[in-house]
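Visitor: I have a new model open. Can you walk me through it?
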Amino acid sequence: LGTLTLIARRSRHFAGVRYLKRGINERGDCANEVETEQIVQDLSNGNAAHFPRVSAHVQTRGSIPLFWGQDSQIMVPKPPVFVVRSDPYYRATVLHFSNLFSRYGSPTLILNLVKSVEKIPRETILKEEYESCITLLNETLPPEHRLIYIPWDFLRAQKMRMSDPVSLLAAIAEATLTKTGFYSSPTSVPYQAQLKNKDWVHGGLQRGVVRTNCIDSLDRTNAAQYCIG
């Protein structure tokens with residue numbers, strides 16, 4: 001027996017509909033930012049003298065934290081992507097990751113699912129700018145707090161005959177969880193025994209967070225967060 005609880009906390013600081021809200025604002029708030037917490041409670045022992053075992057994991061998603069946008073007036077399935085303005089020192093992006101550090105600690109893992117190859121540059125424009133940003137930021141951070149960047153072209157992997165995107169995502173999920181860990185409650189021991197003998201095994205804590213994005217932070221991001229969950 002047990003329960004599974006999924007909580008999604010959507011940020012109100014730079015909220016808006018797709019195409020109208022993209023990227024980041026001056027304060028470091030990004031569009032489509034959602035913190036997802038998964039809580040699993042194990043009630044299998046059925047004994048009131050035991051604490052139920054609980055585990056929890058938090059991950060987050062959001063638009064690529066740069067100043068970028070799309071033309072919402074063009075009625076095509078994939079409007080052109082453009083960088084709204086240059087921010088050579090990436091001040092707003094620094095604020096964004098500083099906020100993640102303050103909320104979750106270190107490490108911060110960035111799972112970027114946008115395309116890596118395109119005939120007409122669109123997503124790749126942002127990929128290159130984002131990678132330049134991360135490289136610059138990491139030059140200013142101590143080694144133990146540097147951003148861990150994981151680029152993976154999800155759509156290309158889907159089209160390759162010899163690849164299994166779900167298995168590849170599972171491998172990425174395992175690697176990220178190895179870095180951040182997740183919360184787990186102390187080993188279930190009868191309550192009276194804990195009071196008398198302090199005989200219990202400490203659980204685990206999550207340190208850091210995985211931040212996932214594609215262009216819309218929807219379908220591809222959903223699949224990645226599902227595998228991590």
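Visitor: What share of the 229 residues in the protein is buried?
Guide: Buried residues make up 41% of the 229. Keep in mind that this is a predicted model.

Visitor: OK. How many helices and strands?
Guide: The protein has 6 helices and 9 strands.

Visitor: And the contacts between residues at least 6 apart in sequence: what percentage join residues at least 24 apart?
Guide: 70% of those contacts do.

Visitor: Let's take helix 1. Where is it, and how many residues has it?
Guide: Helix 1 covers residues 91-104, which is 14 residues. From first C-alpha to last, helix 1 reaches 20 Å. That is close to the 20 Å expected at 1.5 Å a residue.

Visitor: Which residues of helix 1 are buried?
Guide: Ala 92, Thr 93, His 96, Phe 97, Leu 100 and Tyr 104. Seen down the axis of helix 1, these buried residues fall within an arc of 135°, so they line one face of the helix.

Visitor: Why would residues three or four places apart point the same way?
Guide: An α-helix has 3.6 residues a turn, so residues at that spacing point the same way.

Visitor: What's exposed on the other side of helix 1?
Guide: Arg 91 and Ser 102 are exposed there.

Visitor: What follows helix 1?
Guide: Gly 105. The phi of Gly 105 is positive, near 80°.

Visitor: New topic. What volume does the largest pocket have?
Guide: About 260 Å³.

Visitor: Which residues lie nearest its centre?
Guide: Lys 78, Glu 123, Asp 216, Asp 219 and Arg 220. They belong to a lining of 16 residues.

Visitor: Now cavities. How many of 30 Å³ or more?
Guide: The structure holds 1. The largest cavity has about 80 Å³ of space.

Visitor: Which residues line the largest cavity?
Guide: Leu 66, Phe 67, Val 83, Arg 85, Ser 86, Asp 87, Tyr 90, Thr 93 and Glu 129. By class, that lining has 4 nonpolar, 2 polar and 3 charged residues. Thr 93 is also one of the buried residues of helix 1.

How values were computed
Residues are numbered from 1 along each chain as its sequence is written. This is a predicted model: local features need pLDDT of at least 70, side-chain atom pairs count only at pLDDT 80 or more; totals for chains, interfaces and linings use all residues. Side-chain values use heavy atoms; hydrogens and water are left out. Helices (H or I, at least four residues) and strands (E, at least two) are DSSP runs, numbered from the N terminus. The expected span of a helix is 1.5 Å times one less than its number of residues. Buried means under 20% relative accessible area, exposed over 50%, partly exposed in between (1.4 Å probe, protein chains only). The arc is that of the directions from the helix axis to the C-beta atoms. On a 1 Å grid over the protein atoms alone, a cavity is a set of points where a 1.4 Å probe fits but cannot get out, and a pocket is an open set with protein on both sides within 12 Å along at least five of seven lines; lining residues have an atom within 4 Å of a point. Grid points are joined across faces, edges and corners, and a volume is the space filled by probe spheres set on the points. Contact means heavy atoms within 4.5 Å. Ala, Val, Leu, Ile, Met, Phe, Trp, Tyr, Cys and Pro count as nonpolar, Asp, Glu, Lys and Arg as charged, and the others, Gly among them, as polar.
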